[in-house]
Amino acid sequence: SSQQLSFKDQVVVVTGAGGGLGKVYALEYAKRGAKVVVNDLGGTLGGSGQNSKAADVVVDEIKSKYNGTAVANYDSVNENGANIIKTAIDNFGKIDILINNAGILRDVSFNKMSEKEFQAVIDVHLNGAFQLTHAAWPYMKAQKFGRIINTASPAGLFGNFGQANYSAAKLGLVGLAETLAKEGFKYNILVNSIAPLARSRMTENVLPPHILKQLGPEKIAPLVLFLTHHSTKVTNSIFELAAGFYGQIRWERSSGQIFNPNVNSFTPEAILNKWDAITDFNDKPFNKTQHPNQLSDYNDLITKAKKLPEKNEQGSVKVES
Ligand code: NAI
């Protein structure tokens, strides 16, 4: 038997909630009792124009269909991000959950990408998330509670043809989330990233219909709600989800090689000789791969490197655990 995850009296800001994934999140939070700020600039996929209708339609649906509580906001996340948080404070008195979801695309192969096309995408995704989070942070810190989701993308984790701007912004959001998770932990501010794939105006012209059919945006929302519930302990993590699959992504460090402090060690030739060991991802008895998630995960390696004997014919030795 499972309990119902309620969001009663929680105040949620969802950016870009006038359509696509953000709209589904806003509806789901409202259905479960949250008070929702539905932000959307209402522009095109490329980020031009604006229209209050996108956010208004979602607020109307929350009120009329689910008897829920919501307020619309039409600001651009990267031009007036702080005002979106102010909308939550002015209307509902606090901010508990922030979903950084707004985004645009300016796909073009790198050689043809102008600085403007690069900058515009970084601005909306990454600077937008900065502005919202920076405005929400003092409230979350003071109340010792906060839940934040940054929306990354498989394109950010792995790269994708024609999306240099977008993938840079998306992996930037992961880095931002990883640091905020560390700074927020003692204040019970938990921060995670999601890399979704879903049917929306972003994907409907690039993926084939039989794939799109599987990619309902309602399959993304459950993890977002779970990760932002007050009972969750999860932080500093990246999740990949699409078509009903939910999984976690993490960093992996190869088992690697520590070089002896010897005149022949720290040379390009020594690297060449040991390339297979440096890039070995198979666990060895004395030499394990690792899944680092903080800078201090280096300490162990640095300590081991320091302990190696000064002289070694081969110029290197295996890391012994
Ligand atoms: P969408 O285009 O339907 O939703 C994005 C929303 O953000 C739009 O309603 C748009 O008006 C709004 N928006 C754009 N610029 C804004 C700004 N400056 N201020 C406020 N609102 C703004 O697309 P979708 O698919 O729902 O995207 C949601 C998020 O998920 C985006 O961050 C996207 O990059 C990300 N994502 C989506 C994937 C997919 O497969 N659909 C894959 C990976 C990531």
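Biologist: Is isoleucine 302 buried or exposed?

Modeller: This is a predicted model, and in it isoleucine 302 is exposed, because 11 other C-beta atoms lie within 10 Å and the limit for exposed is 12 or fewer.

Biologist: Which helix is isoleucine 302 in?

Modeller: Isoleucine 302 sits in helix α11, which covers residues 299–307.

Biologist: And how far is isoleucine 302 from lysine 144?

Modeller: Their C-alpha atoms are separated by 35 Å, and along the chain isoleucine 302 and lysine 144 are 158 residues apart.

Biologist: What is the backbone doing at lysine 144?

Modeller: Lysine 144 has a positive phi of about 50 degrees, although it is not a glycine. Lysine 144 is in the loop between α4 and β5 (146–151), and it counts as exposed because it has 10 C-beta neighbours inside 10 Å.

Biologist: What about alanine 243, what is its phi?

Modeller: Alanine 243 is also not a glycine, and its phi is positive at about 55 degrees. Alanine 243 belongs to the loop between β7 (238–242) and β8 (245–249), and with 15 C-beta neighbours inside 10 Å it counts as partly exposed.

Biologist: Let's step back. How is the chain divided into domains?

Modeller: There are two domains in the assignment, with domain 1 at 11–249 and domain 2 at 258–317. The centres of domain 1 and domain 2, taken over C-alpha atoms, are separated by 40 Å.

Biologist: And which feature does UniProt place at residues 10–200?

Modeller: The UniProt entry, which is unreviewed, places the feature "domain: Ketoreductase" there.

Biologist: How many helices and strands does the protein chain come to?

Modeller: The secondary structure comes to eleven helices and ten strands. The C-alpha atoms fill a box of roughly 75 × 45 × 40 Å along the principal axes, and buried residues make up 40% of the 321 residues in the chain. If you take contacts between residues at least 6 apart in sequence, 70% of them join residues at least 24 apart.

Biologist: Now the ligand. Which residues come nearest to it?

Modeller: There are 33 residues around the ligand, and Gly16, Gly20, Gly103, Ser153 and Ser200 come nearest. The elements that give two or more residues to this shell are α1 (20–31), α3 (77–92), α4 (115–143) and β6 (189–197), and the largest share, three residues, comes from α1.

Biologist: How many of the shell residues are nonpolar, polar or charged?

Modeller: The shell around the ligand has twelve nonpolar, 19 polar and two charged residues.

Biologist: You listed Ser200 there. Where is serine 200 found?

Modeller: Serine 200 is in the loop between β6 and α7 (209–212), and it counts as partly exposed, having 19 C-beta neighbours inside 10 Å.

Biologist: And which residues does serine 200 touch, leaving out those up to four places away in sequence?

Modeller: Serine 200 touches Gly19, Gly20, Leu21 and Pro217.

Biologist: Take valine 36, then. What is it in contact with, beyond its neighbours within four places in sequence?

Modeller: Valine 36 is in contact with Val12, Val14, Ala26, Tyr29, Ala30, Ile62, Thr69 and Ala70.

Biologist: And isoleucine 62, is that buried or exposed?

Modeller: Isoleucine 62 is buried, because 26 other C-beta atoms lie within 10 Å, and it lies in helix α2, residues 53–66. Isoleucine 62 and valine 36 are 26 residues apart in sequence and 9.2 Å apart in space, C-alpha to C-alpha. Setting aside neighbours within four places in sequence, the contacts of isoleucine 62 are Ala26, Leu27, Ala30, Val36, Gly68 and Ala70.

Terms used:
Residues numbered from 1 in each chain as written. Predicted model: local features only at pLDDT ≥ 70, side-chain atom pairs only at ≥ 80, totals over all residues. Domains from an automatic or database assignment. UniProt positions renumbered as here; feature names shortened; annotations may be inferred. Near = placed C-beta within 6 Å. Helix = DSSP H or I, 4+ residues; strand = E, 2+ residues; numbered from the N terminus. Nonpolar A, V, L, I, M, F, W, Y, C, P; charged D, E, K, R; others polar. Buried ≥ 20, exposed ≤ 12 C-beta atoms within 10 Å, placed from the backbone. Contact = placed C-beta atoms within 7 Å.
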